[in-house]
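Hi,

Here is the structure I said I would pass on. Have a look at it first, and then read my notes below.

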Amino acid sequence: MLNDPLKTRLIRFAHLHHGQSIPMVTLTGSSRTILGRTIYKRTLMSPSTNWLNRIKGEIRHDEPMANHTSLRVGGPADLFIIPKDVADLQLIFKHHGDRPLFILGEGTNLLMSDKGFRGIVISIKNRFKSIEKPLFFKNAQGEEAAVVTAGAATKMSYLVKNLAKYSLTGMENLVGIPGSLGGALIMNAGADGTEICDVIRSVTRVNAEGELETLSKSDLKFEYRKTTFPTKGGIIVSAELELKKGDHATIQETIDRHLVRRKNKQPLSLPNSGSVFKNPEGDTAGRLIEAAGLKGFSVGDAGVSIKHANFIVNKGAATASEVLEVIEHVRTTVLEKTGIEMETEVIIVGER
Ligand SMILES: Cc1cc2nc3c(=O)[nH]c(=O)nc-3n(C[C@H](O)[C@H](O)[C@H](O)COP(=O)(O)OP(=O)(O)OC[C@H]3O[C@@H](n4cnc5c(N)ncnc54)[C@H](O)[C@@H]3O)c2cc1C
């Protein structure tokens, strides 16, 4: 008899070699069973899913999500769509019916379960990456400023470095946040006193009804690591950012300082998903976890980082269940010792 973690790893291994792009026609092909798990699901092609044939982008079946998360864990997504354009996105939102959707950015703030996602994962990673030339203007205070439109899949660090070329200031503290602009907008990502909401002018998304809409900053609500939209769902495709003209040398120096600080303080050589817990009011999660003596606490290959206590690292073949066990142990230990209930920052998703 195989024990559960071993089974999970074998299933993941099977999926790793099974996640290649396949034409839709093979979806109706025969299903295969590996360790009791059906790898191809016949139910996917039916009259209600014919719309998938109209997708111009790529469609993958049973795509291993471990390949798409920075923590390198996560089982298969039933369908993994890489849309070609906005029309593809509109098609998905108009026709997915009751099939659950999950929007993937760079997967740097995710804990995807070992069983994976029963539904459609949309990945815009390979598209929606353009950064338009800044449009300079004088703001209400008479300062030189610029509006820049960037695609939601643009990587944050690339964006910050690109803006620095034009001596635009306002985002340099966010360099080194490893996700996409879209993910940063949803998470209201921030570092060192700056949050992405500080520079947003507008956000364009395909909403849950499949309509393309542009929302201005005043339509959105921002909290610590959370942005609320007027209606739920949808996918951000681009955003307009407003920045001021600054001093190039100072901007570059700030960028360099942040990158060195991250390298020194964060366990960047091992797969991780950034800060696991939100900082509680007036304290930091890292300090509380370290004070509770939990640095290095591990379950299997998932462990609290020695370098930064609010990071859980994957030391090799960690499973999502092991990561979850570490999270639960850390949460209950800190609660018992301090009375503080920590909330996860990392998004836990997938079938449990
Ligand atoms: C080493 C490391 C350091 C980090 N440091 C920081 C830090 O300093 N500050 C900080 O705030 N975070 C930090 N993070 C966490 C993470 O990088 C951010 O939360 C980031 O903004 C997530 O972006 P992503 O593209 O990876 O989103 P994902 O992790 O893929 O997704 C996050 C959420 O956004 C949604 N989403 C993603 N893209 C879109 C889109 N286009 N439209 C609609 N919804 C979308 C997803 O559905 C999900 O709900 C760090 C992570 C790591 C691994």
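Predicted model: local features only at pLDDT ≥ 70, side-chain atom pairs only at ≥ 80, totals over all residues.

Some overall numbers. The protein chain has seven helices and 22 strands. Of its 352 residues, 40% are buried. If you take the contacts between residues at least 6 apart in sequence, 67% of them join residues at least 24 apart.

Back to H7, which covers residues 320-338. This helix has 19 residues and reaches 27 Å from first C-alpha to last, close to the 27 Å expected at 1.5 Å a residue. Which of its residues are buried? They are Ala320, Glu322, Val323, Leu324, Val326, Ile327, Val330 and Val334. An α-helix has 3.6 residues a turn, so residues three or four places apart point the same way. You can see that kind of spacing in Val323, Val326, Val330 and Val334, which are among the buried ones. The buried residues of H7 pack against strand S6 (110-112), helix H6 (285-291) and strands S19 (298-299), S20 (302-304) and S21 (311-314).

Asp88, Leu89, Leu91, Ile92 and Phe93 are buried in H2, and what covers the buried residues includes S4, S7 (117-123), S13 (200-206) and S17. Just after H2 there is again a glycine with a positive phi, Gly97, at about 65°.

S4 and S7 also turn up in another open sheet, where four strands are ordered S3-S4-S7-S5 with mixed pairing. S3 (58-64) and S5 (101-104) stand at the edges with a single partner strand each, so one side of each has no neighbour in the sheet. Neighbouring strands of this sheet are turned by 30° against each other on average, ignoring direction. S3 and S4 (residues 76-82) run antiparallel and are joined by six bridges; His61 stands opposite Leu79 in S4.

There is a hairpin too, made by S8 and S9 with five residues between them, and Gly142 in its turn has a positive phi of about 80°. Four bridges join S8 (residues 135-138) to S9 (residues 144-151), and the two run antiparallel. Leu135 is opposite Val147 in S9.

Finally, the ligand. Which of the 33 residues around it come nearest? Those are Gly105, Gly179, Gly182, Gly183 and Gly274. S5, H4 (181-187), S11 (190-191), S17 (235-245) and S18 (272-275) each supply at least two residues of the shell around the ligand. H4 gives the most, with five residues. By class, the shell has 17 nonpolar, 14 polar and two charged residues.

Cheers

Terms used: Residues numbered from 1 in each chain as written. Buried ≥ 20, exposed ≤ 12 C-beta atoms within 10 Å, placed from the backbone. Contact = placed C-beta atoms within 7 Å. Expected span 1.5 Å × (residues − 1). Pairing = 2+ DSSP bridges. Axes fitted to C-alpha atoms, helices over the stretch in contact; angles between N-to-C directions. Near = placed C-beta within 6 Å. Nonpolar A, V, L, I, M, F, W, Y, C, P; charged D, E, K, R; others polar.
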